[in-house]
Amino acid sequence: MISNYLHEIVFDWPWMLVLLLAIPFVVRWMIMRQQKNITTLGFPAVAHLQKMNSWRTRLRNSNLLLRGLAMVCLVVALAKPAHYQTLELTEGEGISIVLCLDVSGSMLARDLTPDRMRAAVQVARNFVSHRKGDRVGLVIFSGQSLSLCPLTSDLNAVQQQLNTIDYGQLADGTAIGSGLASAVDRLRESNTPGKVVILLTDGENTGGFIDPITAKQMAMSYGIKVYTVGVGSMGTAPMPYQTPAGTLLQEEKVSIDEGLLTDIAHSTGGLYFRATNTQALDSIYASINTIEKSKVESKIFTKRTDEFFPWVIAAIILLSIDFLLATIVFRKFP
């Protein structure tokens, strides 16, 4: 706790701390002066009292220790310690965005690095980190859909949920309509000026309870813009298979329903993109980030809090204890 406190402290006059080097010499001088005053008294009784192993004898130099600590506190106070806190205030309105990601088995294909699924997650994480002031949600789908994160301005929470994405969380398949419908459901009651879905898939619709056309119409009725991203190289892609001999790669045909994805995007006011490699996917999200700009401005303020007062109080307390000891415990009678 003390180390954290000292780590956050900034001294406005740090050169004053050089005076701390002089304190040991001052204390040493006071000790020598006190010993000289005692030894100049030529009474045997005084010498006898010096040898007494009593609590008063053991505490004889405590006043010097208290004065030394008080001087340390006063020097630190003179150095003007302060705590600086940076505050970021946002003004304006953000937009609501739902990331809708395909997590079917085909997303394990390795035409993207290291594979489609992990590349999509990493690029999505980077995208989310740039959406300050916005509310972001997360939906995944394969044979069915699942909402992993509701709309939230806590971007760290969204990124944590992105880290949990893996193959096998849902029944296999590609239910594009169900995934889009779940994303629309998350956005339909949002009152932000902009509502956006970024739907990423690498296949064709193979099932689900809601067909893609119906989901598209739902998005249109709620004024939701859909950006669609088709992931996969042209032609074939290496697909991993586990065998007793280890992981083997087999080339499989890439089948993306680009007509459907283009229709969903254009009908809702969005755009369709094709990502054939990791760099292209990163560029696509960067483009969407540029297009969907929030009307949010951040202002940085620095708050300064003086921290010298506790050191002054500590010095006063130490000197008060020294005074009480000198006048009561070590009082000299004539």
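Arg116 and Asp111 meet through their side chains in a salt bridge, with N to O at 2.9 Å; the term covers a side-chain nitrogen of Lys or Arg within 4 Å of a carboxyl oxygen of Asp or Glu. The model is a predicted one, so local features need pLDDT of at least 70 and side-chain atom pairs count only at pLDDT 80 or more, while totals for chains, interfaces and linings use all residues. Residues are numbered from 1 along each chain as its sequence is written, and side-chain values use heavy atoms, with hydrogens and water left out.

Back to that pair: Arg116 is buried at 4% relative accessible area, and Asp111 is buried too, at 16% (buried is under 20%, exposed over 50%, partly exposed in between, with a 1.4 Å probe and protein chains only). The structure holds 9 salt bridges. Another one links Arg118 to Asp115 at 3.0 Å, N to O, and Asp115 is buried at 5%. Arg188 pairs with Glu189, the closest N and O atoms being 3.6 Å apart; here Arg188 is partly exposed at 35% and Glu189 is exposed at 67%. Through shared partners, salt bridges tie Asp111, Arg116 and Asp202 into one network.

On the nonpolar side, the largest core has 37 residues, and Leu99, Leu162 and Ile165 are among those with the most contacts inside it. A core here means buried Ala, Val, Leu, Ile, Met, Phe, Trp, Tyr and Cys residues joined through side-chain atoms within 4.5 Å. A second, separate core of 27 residues includes Phe141, Ala181, Ala215 and Val226.
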